[in-house]
Amino acid sequence: MSLKSLVLCSDEKILRVLRRTLGDLDIEVELCPNSEAALRKLTRQRFEAIVVDCSDSGAPEVLRSSRSALWNQRTIAVAIVDSTAGLRSIFDLGAHFVLYKPVSSERARSSFRAARALMKRERRRNFRVPINISVLIQEDSSASTLKVTTIDLSEGGMAIKLPKRTRRKGRCQIHFTLPGGNSPLALDAEIAWEGSAAQSGLRFLDVPLGAATQLREWLKHNSPESEQDDPPVQCRLTDLSLRACYLEVSSPFPISTRVTLSMKAAGVQVSAQGVVRVMHPDKGMGVEFTHGTPEQSAAVEKFLNLLTANREIQPELWVEPEGLEERAAASSSAPGEQPDDPLLKLFCTQSVMLPEAFFDELRKQRGAATPASA
């Protein structure tokens, strides 16, 4: 099934580049001549991407409306802007990627490759497979348990059928075993929605890497419309600490993107999960690690110590998106608490810094690196 994009643009030169680039990437183009037509389509059709030329006076409303449209709340938004545009205001409107004018074929291809990888993951993450299995729910606030059956399952959650009309709320832990699976899963979750006829939806929270892989593989083999993910993107690792890293890449993923990183050096290979906290178009992104287990944290520490002791080693690193956070991403540090990791602290304060000041501070940290922060 082809990915589908909604394009609001009237510049013929830009349109030629977009049609050729998106066509090469197997992304369908539905062109809108004006913002009114785009707003109508957003309320009636689902799109994997929205591409908006911000020179159109209705562009801000289209970007904002896509976030509230029922079918397109998690659609990937690409904004086409002048080089002098203020990026913060563009991102605040809901854009995930930015294309600078004049739009070249090379730059468009690079940006849309990254966007397509995220579009595929978002679509597959939300694809639901009908399934009927038993699930045990235990609420955090009590020791009581409830046995329910599922209606369907996705990477992001499941729909369940309650034995009677019961209003559930708050965080809980769910226990279940996938058909044909040998390892039971225990996942944190919360109620995402309540429907009619005693039905509810559970949203998974902070899924460990092993459980996420098991879920993904099961769904891939049981989905009638399974599609291949795009290959991981190779990046250059420039900064690494126990809790974060900065990666140079021409088309970074948006803030709040959940990613899986594969790092390799001197025969040592490490996989880690993270969330993008900082993004600089055309330059790179800062990722906070979200270690699911002490073993994963220890693996990153071992890799960091290896690079600190062998400065001449050039590590290899690949990153692939796992989808967008359900809500605006926040650091794992407690509210109001400044992280003790200097690199992560820089990521948390970058919102008030110009890019030039951010990179100056990054270079200062790099010059003062110790075995705890290389």
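Let's start in a loop: Ala 266 is found between strands β15 (257-265) and β16 (268-280). Although Ala 266 is not a glycine, it has a positive phi of about 50°. With a relative accessible area of 56%, Ala 266 is exposed, because exposed residues are those over 50%. Please keep in mind as we go along that this is a predicted model.

Asp 26 sits in the loop between helix α1 (12-24) and strand β2 (27-32). Its phi is near 60°, again a positive value in a residue other than glycine. Asp 26 also counts as exposed, at 57% relative accessibility.

Now step back to take in the whole chain. Its secondary structure comes to nine helices and 18 strands. Of the 374 residues in the chain, 48% are buried. If you consider the contacts with a separation of 6 or more, 63% of them are accounted for by residues 24 or more positions apart.

Another backbone feature to look for is a cis peptide bond, which runs from Lys 101 to Pro 102 and has omega near -5°. Pro 102 is placed in the loop between β5 (97-100) and α5. Follow the chain into helix α5 (residues 105-126) and you will come to Ser 111. Is Ser 111 buried or exposed? Its relative accessible area is 5%, so Ser 111 is buried, the limit for buried being under 20%. What is Ser 111 in contact with, leaving aside its neighbours within four places in sequence? The answer is Phe 97, Val 98, Leu 99 and Ser 251.

Next, have a look at the aromatic rings. The structure holds five aromatic pairs. One of them is formed by Phe 347 and Phe 358, which are stacked, at 6.4 Å centre to centre and with 25° between the planes. Phe 347 lies in helix α8 (residues 342-349) and Phe 358 in helix α9 (residues 355-367), so this pair ties together parts that are 11 residues apart in sequence. Both of these residues, Phe 347 and Phe 358, are buried. Phe 358 also pairs with Phe 359, this time edge-to-face, with 5.3 Å from centre to centre and 85° between the planes. Phe 358 and Phe 359 are both buried. Taken together, ring pairs link Tyr 246, Phe 347, Phe 358 and Phe 359 into a cluster.

Asp 206 is found in the loop between β12 (199-205) and α6 (209-222). The side chains of Asp 206 and Arg 171 are joined by a polar contact of 3.2 Å. Asp 206 and Asp 188 are 18 residues apart in sequence, and their C-alpha atoms are 6.9 Å apart in space.

Which residues line the largest cavity? They are Arg 124, Phe 127, Val 129, Glu 155, Arg 216, Leu 219, Lys 220 and Ser 223. Helix α6 gives the most to this lining, with three residues. By type, the lining residues divide into three nonpolar, one polar and four charged.

Terms used
Residues are numbered from 1 along each chain as its sequence is written. This is a predicted model: local features need pLDDT of at least 70, side-chain atom pairs count only at pLDDT 80 or more; totals for chains, interfaces and linings use all residues. Side-chain values use heavy atoms; hydrogens and water are left out. Helices (H or I, at least four residues) and strands (E, at least two) are DSSP runs, numbered from the N terminus. Buried means under 20% relative accessible area, exposed over 50%, partly exposed in between (1.4 Å probe, protein chains only). Contact means heavy atoms within 4.5 Å. Rings of Phe, Tyr and Trp (its six-membered ring) pair if their centres lie within 6.5 Å; planes under 30 degrees apart count as stacked, over 60 as edge-to-face and the rest as tilted. A polar contact is a pair of N or O atoms within 3.5 Å; within protein, one must be able to donate a hydrogen and the other to accept it, and residues adjacent in sequence count only if both atoms are side-chain atoms. On a 1 Å grid over the protein atoms alone, a cavity is a set of points where a 1.4 Å probe fits but cannot get out, and a pocket is an open set with protein on both sides within 12 Å along at least five of seven lines; lining residues have an atom within 4 Å of a point. Ala, Val, Leu, Ile, Met, Phe, Trp, Tyr, Cys and Pro count as nonpolar, Asp, Glu, Lys and Arg as charged, and the others, Gly among them, as polar.
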